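Student: I've never looked at this one before. Could you walk me through it, one question at a time?

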There are 2 protein chains.
Amino acid sequence: MTHLEPAIQHVRAHQDYVLQELKDFVAIPSISTLAENKPDIQRAADYVEKILRSMGMDNVAIMPTAGHPVVYGEYLKAPGKPTVLVYGHYDVQPVDPLNEWLSKPFEPTVRGENLYGRGASDMKGQDIAFLAALAASIQHGGGLNANVKVLIEGEEEIGSPNLGAFLKENKEKLKADFSLNADSGILAPHIPAIVYGLRGLAYFELWVHGPEHDLHSGMFGGAVHNPAQVLAELIAGMHDKKGRVTLPGYYDDVRKLTKEERKNLKRVPRSDKQIKAEAANPPKLYGEAGYTNVERLGARPTLEINGLYAGFIGEGSKTVLPGKAMAKISMRLVPDQDPDKVEKQLIAYLKKNAPKTVTWNLKAFGKTPGVLTAFDSPQVKAAQKALQTVFGVKPVFRREGGSVPVVSDIQRILGIDSVIMGFGLPDDNLHAPNEKQHIPTFFKGIEAYIHFFANL
Amino acid sequence: MTHLEPAIQHVRAHQDYVLQELKDFVAIPSISTLAENKPDIQRAADYVEKILRSMGMDNVAIMPTAGHPVVYGEYLKAPGKPTVLVYGHYDVQPVDPLNEWLSKPFEPTVRGENLYGRGASDMKGQDIAFLAALAASIQHGGGLNANVKVLIEGEEEIGSPNLGAFLKENKEKLKADFSLNADSGILAPHIPAIVYGLRGLAYFELWVHGPEHDLHSGMFGGAVHNPAQVLAELIAGMHDKKGRVTLPGYYDDVRKLTKEERKNLKRVPRSDKQIKAEAANPPKLYGEAGYTNVERLGARPTLEINGLYAGFIGEGSKTVLPGKAMAKISMRLVPDQDPDKVEKQLIAYLKKNAPKTVTWNLKAFGKTPGVLTAFDSPQVKAAQKALQTVFGVKPVFRREGGSVPVVSDIQRILGIDSVIMGFGLPDDNLHAPNEKQHIPTFFKGIEAYIHFFANL
């Protein structure tokens with residue numbers, strides 16, 4: 001692969017420049033869920049556009065959607081070679097609780113081998129990694145064995161609500177043989193991995209309403225069913241003692257793990273001890289009876305409480321009987337669960353179990369089915385080889401717990417599979433305070449992407 | 001009772017004067033919680049002092065505390081007769097939301113049969129009522145069958161934080177056979193009432209901790225016991241299906257309602273329909289099986305969730321697995337429950353039921369025991385007779401759901417019971433905009449106090 005040397009040498013010689021490019025990107029607070037950050041979203045899109053232009057990509061544009069825009073660019077100079085749609089997102093999660101950050105989320109800070117900041121790993125680090133690889137391949141290598149279309153959206157962290165429509169409208173323009181989704185990670189700095197399965201997501205907000213407004217708990221406590229208590233009872237009933245979800249029919253469509261898959265997943269070098277550490281040391285791991293933790297995390301569906309709110313939550317005491325109570329509830333889904341069917345199961349559960357002392361309403365946010373991709377395709381093999389070259393060991397095939405709605409959207413609308421390869425790490429604190437990107441892994445990632453594009 | 005005629009006739013002839021006295025008192029914005037009203041607190045104390053002096057009381061003084069001062073006066077000229085400590089407060093609640101007041105809160109205004117203004121009912125109206133009764137009894141009657149000590153504090157609306165210390169320091173000076181607490185009301189203009197029971201309070205904040213910080217619910221959901229779910233399960237377990245609290249031993253010390261008491265409480269003219277409307281129309285009332293709503297509200301202990309918090313509670317969705325979850329939990333207590341014992345019961349419950357997948361900690365806020373005063377005591381009989389004479393009907397004996405910390409303080413520190421008799425009405429808008437005092441009830445109250453002091 002000597003024809004790749006110039007590209008590889010170029011990125012090695014310009015690591016400071018690329019890291020600064022990532023820092024500048026992380027410094028833009030492009031939180032997609034907050035209205036006040038709308039100007040920052042635009043700034044982040046502009047920033048990506050600038051990089052695409054400077055790389056020498058063609059037809060670079062910030063393309064509007066009903067929500068935040070998509071940044072697009074293409075480099076179609078390898079006739080007869082496959083076309084890859086490279087997917088990224090430039091938006092990030094909110095930062096609360098802010099006081100738990102050791103350095104400010106939008107003041108990217110290097111501590112040890114890590115760069116800390118919101119979005120450093122999810123996924124500005126991955127964006128900059130594949131962009132640096134493409135830039136080096138275009139400008140310094142002879143290794144770009146593919147036509148490339150780059151699509152970087154701004155709504156991934158709110159469930160990509162407008163991406164489906166965008167893909168439909170631009171189906172012709174986005175035509176490709178497969179997609180590379182970089183919104184992912186490996187298992188440890190020395191253990192490369194390819195994700196072949198992703199869980200889906202169904203996300204809901206449930207409100208339980210009692211009295212029309214908050215009451216004095218002394219004057220009315222005892223004769224009114226406390227909505228916070230009712231909510232707690234409803235939530236408590238959603239799991240049985242074996243850690244299984246009790247929504248009626250919840251497991252009916254869950255595809256069973258084959259013997260071969262269970263054997264493969266056993267190879268994932270992720271011990272319970274390691275998982276416990278990565279999960280920020282809960283006193284004890286816990287999950288559905290009859291499955292290993294690796295299986296529970298990737299191959300089994302869950303129901304999680306993402307948020308709880310009722311009454312008075314400030315300092316000290318206020319003797320209020322809340323008029324209403326709220327929970328954010330989401331399910332991680334696996335093939336072949338249907339998110340719409342899961343919503344119906346939740347409604348059926350609430351209809352059966354909510355007492356007549358309250359009313360309730362349910363609002364649905366993102367809904368994504370889980371996906372599984374074949375692991376013997378040429379592009380998966382190209383990825384496998386690239387990882388082995390750069391990391392010196394065979395990558396592990398794994399199923400990931402998170403959802404990437406866009407992988408399902410791309411499969412459904414564009415009719416192509418995704419190779420899911422990114423360079424985050426399990427302890428990167430995604431969606432949490434002190435998010436970080438491991439810098440040596442980031443640089444290895446750039447080289448792996450260069451090899452990947454050359455292997456196609 | 002012809003010996004009371006001169007006093008009764010005097011107040012009837014001087015109603016305009018007494019009402020003006022109340023208006024002047026209400027016009028002073030003695031809000032205890034706001035630093036900017038500190039001079040008004042002093043003015044209100046001065047005003048009360050002036051009235052006590054003008055009545056001919058002895059040893060009148062504004063006595064300092066670590067916070068706002070107490071105004072004191074005494075009239076000890078009935079040897080061999082009981083001594084009564086009359087309790088009032090001259091401070092008031094804040095006025096916000098100011099724009100909902102129809103007339104300015106500190107420009108007392110008569111509309112129809114009511115005087116509107118902050119503090120008109122809570123409790124400057126009651127202060128002026130008992131002071132006018134004492135003044136008339138001292139100057140025009142022969143009916144003052146008691147030695148009287150008057151204590152009017154300035155911190156009731158902020159929880160009387162310095163009253164306990166004041167009572168301790170002045171234990172000898174305040175020695176009395178019982179206390180009259182005028183900070184109360186009757187059920188309707190034609191339904192006089194005596195409060196003989198108040199619920200106590202034990203207030204806690206419970207935190208359940210899992211992972212050291214929030215996690216991505218996709219990456220870790222399935223292998224970590226969600227602290228919000230654990231909290232919900234713990235809360236759900238705190239009541240059984242009959243609406244009873246399940247903390248071990250919770251009902252052991254609850255004094256049973258006697259047949260006579262239940263009969264008395266049945267006479268309280270408060271229908272379920274009325275309670276439902278006052279409780280801001282929950283879909284259906286609910287409470288401990290086997291008790292009426294009047295009993296549930298005043299005579300039975302409760303456990304309420306005052307607040308809930310975990311994870312992401314903003315708009316939209318965030319796929320977070322919360323590292324911790326919090327509930328504010330309080331119990332309304334009845335005699336003879338001991339708040340410290342209740343804390344131990346809560347701890348025992350948590351020790352037994354919290355899974356090993358989490359840790360938890362508990363913080364206690366206020367703790368006040370419930371109180372009951374014997375309703376066959378001579379002073380309660382004196383109150384009963386006074387109300388019957390003035391209103392023409394037998395008063396209703398009732399138990400109130402809220403707590404009045406000063407009643408417990410006086411019982412605990414001075415060792416005496418309180419007769420709780422005041423002349424507010426349920427629709428007086430206490431602590432809310434458009435507070436008012438019903439003027440005819442105010443004048444009846446003055447006469448009832450005159451009879452009460454004579455009946456001792």
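Student: What percentage of the 456 residues in chain A is buried?

Tutor: First, this is a predicted model, where local features need pLDDT of at least 70, side-chain atom pairs count only at pLDDT 80 or more, and totals for chains, interfaces and linings use all residues. Residues are numbered from 1 along each chain as its sequence is written, while chains are lettered from A and ligands numbered from 1 in the order in which they are written. A residue is buried if 20 or more other C-beta atoms, placed from the backbone, lie within 10 Å of its own, exposed if 12 or fewer, and partly exposed in between. For chain A, the buried share of the 456 residues is 57%.

Student: What pLDDT does chain A average?

Tutor: pLDDT is the predictor's confidence in each residue, from 0 to 100. In chain A, 99% of the residues score at least 70. The chain's average is 94.

Student: Why is chain A called as compact as a globular protein of its length?

Tutor: Chain A has 14 helices and 18 strands, which are DSSP runs numbered from the N terminus (helices: H or I, at least four residues; strands: E, at least two). The globule rule is 2.2 Å times the number of residues to the power 0.38, and the radius of gyration is taken over C-alpha atoms. Chain A counts as that compact because the rule gives 23 Å for 456 residues, and its radius of gyration is close to that, at 23 Å.

Student: Which strand gives the most to the side of chain A that touches chain B?

Tutor: Residues are in contact if their C-beta atoms, placed from the backbone, lie within 7 Å. The contact takes 84 residues from chain A and 74 residues from chain B. With nine residues, the top contributor on chain A's side is strand β11 (residues 302-311) of chain A.

Student: How many bridges pair β11(A) with β11 of chain B?

Tutor: Two strands pair if DSSP finds at least two bridges between them. Here the sense is antiparallel, and A:Ala310 stands opposite B:Leu308 in β11(B). The number of bridges between β11(A) and β11(B) is five.

Student: In what order do the three strands of the open sheet in chain B lie?

Tutor: The edge strands, each pairing on one side only, are β4 (109-111) and β18 (436-438) of chain B. Three bridges join β5 (residues 114-116) of chain B to β18(B), and B:Tyr116 stands opposite B:Lys436 in β18(B). The pairing is antiparallel, and the order is β4-β5-β18.

Notes. Two residues are in contact if their C-beta atoms, placed from the backbone, lie within 7 Å.
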